[in-house]
Amino acid sequence: MHCGPPDMVCETKIVAAEDHEALPGAKKDALLAAAMWPPLPAAPGPAAAPAAPPPAPGPQPRGGAGGAGQPEGRGVYIREFRPAEQEAARRIFYDGIMERIPNTAFRGLRHHPRTQLLYALLAVLCFALTRSLLLTCLVPAGLLGLRYYYSRKVVLAYLDCALHTDMADIEQYYMKPPGSCFWVAVLDGNVVGIVAARAHEADNTVELLRMSVDSRFRGKGIAKALGRKVLEFALVHNYSAVVLGTTAVKVAAHKLYESLGFRHMGSSDHYVLPGMTLSLAERLFFQVRYHRYRLQLREE
């Protein structure tokens with residue numbers, strides 16, 4: 001479970017099935033993984049080059065299958081994080097979280113009927129006090145503006161927290177401790193996606209976190225391939241389940257987890273996002289719903 005040296009990376013080409021036979025002592029789990037997560041369809045383009053001969057047996061990195069021997073620059077590959085990619089990983093994480101601001105402020109409002117009712121009552125109260133249709137029409141715009149302001153405030157505080165903890169030193173936080181790992185998706189030598197795994201030994205589960213894909217490269221199956229890598233990691237190391245939590249508003253994010261086999265375990269409107277102050281203004285203009293997912297791999 002310890003991370004191998006930097007030159008021993010785990011690469012998986014998205015347009016091809018993963019070489020599960022290379023996993024030492026885990027052939028049964030590999031076959032299970034192949035059944036649960038079939039390979040993504042081939043991307044359009046020139047015919048793939050003939051497969052390279054299998055690598056010689058040797059120590060395997062903790063990310064799953066051993067190095068596939070595929071050169072970078074011929075499509076998208078999933079492999080373990082390298083220290084030189086720290087800033088690229090932080091940028092993708094930052095950009096992905098910043099997208100949550102308008103989604104939480106505007107799209108997220110439809111998931112909170114009590115807040116909608118409160119805002120409607122404020123508009124009615126405004127009309128009752130002023131008898132002005134113009135001022136009454138300005139109330140919703142003002143409330144949405146305040147939602148955007150407080151969503152931005154909370155999300156930036158959360159980013160500041162994350163960028164000064166685990167995302168400040170990915171190598172130290174994810175690559176060195178046993179039971180954790182960090183992978184990147186690489187396209188033409190550039191990092192275009194990230195995902196992390198962190199084990200919880202108390203209940204023998206692995207948590208999937210920090211998944212994000214550069215917005216310019218979405219729709220290519222990269223996020224699903226990153227998710228599969230975490231599931232493979234959990235299978236190889238005999239964890240009983242993979243869990244995750246998300247405040248994502250977009251339906252596409254939830255469909256992705258379900259397509260990987262995760263089961264929705266419930267949600268909460270009382271989740272405290274790191275960086276929240278729980279002030280009255282935040283409670284009025286910032287609401288977030290926290291969803292929990294779980295994929296059971298084996299019974300304990």
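**Reading a cysteine and its helix pair**

Biologist: Is C126 buried or exposed?

Modeller: C126 is buried, at a relative accessible area of 16% (buried is under 20%, exposed over 50%, partly exposed in between, with a 1.4 Å probe and protein chains only). This is a predicted model: local features need pLDDT of at least 70 and side-chain atom pairs pLDDT 80 or more, while totals for chains, interfaces and linings use all residues. Residues are numbered from 1 along each chain as its sequence is written, and side-chain values use heavy atoms, without hydrogens or water.

Biologist: How is C161 classed?

Modeller: C161 is partly exposed, at 36% relative accessibility. Of the 300 residues of the protein chain, 44% are buried.

Biologist: How many disulfides are there?

Modeller: A disulfide is a covalent bond between the sulfur atoms of two cysteines. The rule here asks for two cysteine sulfur atoms within 2.5 Å, and the count is 0. For C126, the nearest cysteine sulfur belongs to C137, 9.4 Å away.

Biologist: At what angle do α4 and α5 pack?

Modeller: Two packed helices are described by the angle between their axes and the distance between the axes. Helices α4 (residues 113-130) and α5 (residues 133-163) pack at about 145°, with axes 9 Å apart. Helices are DSSP runs of H or I, at least four residues, numbered from the N terminus; axes are lines fitted to C-alpha atoms over the stretch in contact, and angles run from 0 to 180 degrees between N-to-C directions.

Biologist: Which residues make the contact?

Modeller: With contact meaning heavy atoms within 4.5 Å, the α4 side includes Y119, L122 and C126, and the α5 side includes L135, V139 and R147.

Key: Helix = DSSP H or I, 4+ residues; strand = E, 2+ residues; numbered from the N terminus.
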